[in-house]
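Student: Before we discuss this protein, could you show me the sequence and the model, and then take me through the terms as they come up?

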Amino acid sequence: MNHKSEESIQESMQKSAKASIEAYLDKIPSYAKKKAELSEVRAFLAEMGNPQEQVKIIHVAGTNGKGSVCAYLVQILKESRQTAASFPSPHLVETRERFLLNGVMIDHALYKACFEEVKKLCEKMIKKGYSHPMYFEFLFYMQMALVKYAHPDWLVLETGMGGRRDVTNVVEHPVLTILTSISMDHMQYLGNTLEEIAWEKAGIIKAGVPVIFSEENVAVADVIRREAEQKHSPCIAVSGRDWEAGPFDLERGETRAKLFGKECMVPFAADYQVENAALAFRAAMELPECTEETALLAISHTKWPGRMEQVLPGVYLDGAHNEGGIHALTSAIRKLYHKRDITILFSAAKDKAHDKMLRELCQTFPIKAVVGVSYSGDRSMPIEEIKRELESYADCPVFLCHTVQEAFETALSQKGDGLLFAAGSLYLIGEIKDVIRRQYHD
């Protein structure tokens, strides 16, 4: 058998294994009926040998910026000669993206091993009377299996939706906790005011463990400080005085910035990414393994897909999916605008504040065209609702498409020599990246 034939067989086997894993994960909502109490999660972890106690953990919560802060920190740790696992969500194209070592997806064999361990764990725990874990819980256990198998020095652990009742909050002894920008999102679960949401997020703060947080909102900062004071946790605020975003170099794809007075190149157009870099830098300065010089250099090397990511000339993908994210996106567009035509490609989950998101996107700049689409899955806004809202807010031609591929092609045709921004949902961004991969890279 020749070398190419062996590679072809291995690739076929990998695709088959991947398909069976994804099929199982996709079915979880049909038989996982309730979110587990943290006591149940601890029981699952105890059966695994408590891997969360065998790795140094940085625990990160917030509404916007969690993934970016985690990406910066992983790169800083990597360049400080440490190994770091991370657990970002959601994934853009495939679930394996949620399991990273030093910022790179784990290989198929390790991914399969983690899945098989958790599947067997679930079978054992169900026999003991426990319920099958929900989707995010199952993936969290897979992350813990990864810790067991790979033995990283660090786990940079991003929460799911909240903090206080989040499955990841079984971690009792993190080295640091970080709270990124907090804004209105998931109100049906976390509360109807910023203070209520901040209280939920601040639930990850642990007794005596330093917390680094974004001080952009006074009410939010007060909630975090009170929680830290109750737990006797050192409280380190990062405010707008600690970072400065300079001009964006379009050719190099980076922003000249200052973090705590230190020069730094941040490889994104958005000012919010400079704030996220400041949070990560300040957190790294709490770690004896990291130096200022290494941290600043590592930040300039960080990559984070789907967050003001330029994927083609003049084409940017941003996973902004709530009011705070869209506001940050419009600030980023302002840096790139320079009187050029702007085309918007939009979709959103039906439980988001999509009307407010669309209003800000359509009314901040003169827009050449807006393309609306429903992405795959039950959570997406129906196309009829997108049509109604676009016609209400957009003072420009509106195009409605039934597939993301059609929408992306339509938006590209409208873009001309201008700029195209796709936003509203990370799931939309994932589908666009899949279209680009198939059309431009296969």
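Tutor: Let us start with a definition: a crossover is right-handed if, with the strands pointing away from the viewer, the path from the first strand over the helix to the second runs clockwise. Helices (H or I, at least four residues) and strands (E, at least two) are DSSP runs, numbered from the N terminus. This is a predicted model, in which local features need pLDDT of at least 70 and side-chain atom pairs count only at pLDDT 80 or more, while totals for chains, interfaces and linings use all residues. Residues are numbered from 1 along each chain as its sequence is written, and side-chain values use heavy atoms, with hydrogens and water left out.

Student: What is the handedness of the β-α-β unit made by β14, helix α12 and β15?

Tutor: Strand β14 (residues 342–346) pairs with β15 in the parallel sense over four bridges, where two strands count as paired if DSSP finds at least two bridges between them. Helix α12 (residues 354–364) belongs to the unit together with these two strands, and the unit is right-handed.

Student: Which residue of β16 is the bridge partner of V370?

Tutor: On pairing, β15 and strand β16 (residues 398–401) run in the parallel sense over four bridges. These two strands also make a right-handed β-α-β unit with helix α13 (residues 383–393). In β16, the bridge partner of V370 is V398.

Student: How many residues of strand β15 are buried?

Tutor: Buried means under 20% relative accessible area, exposed over 50%, and partly exposed in between, with a 1.4 Å probe and protein chains only. In a regular strand the side chains alternate between the two faces of the sheet. Here A369, V371 and V373 are buried on one side, and V370 and G372 are buried on the other. Strand β15 (residues 369–373) is therefore largely enclosed by the rest of the structure, the buried count being five of the five.

Student: Is T168 buried or exposed?

Tutor: T168 lies in the loop between β5 (154–158) and β6 (176–179). Because its relative accessibility is 0%, T168 counts as buried.
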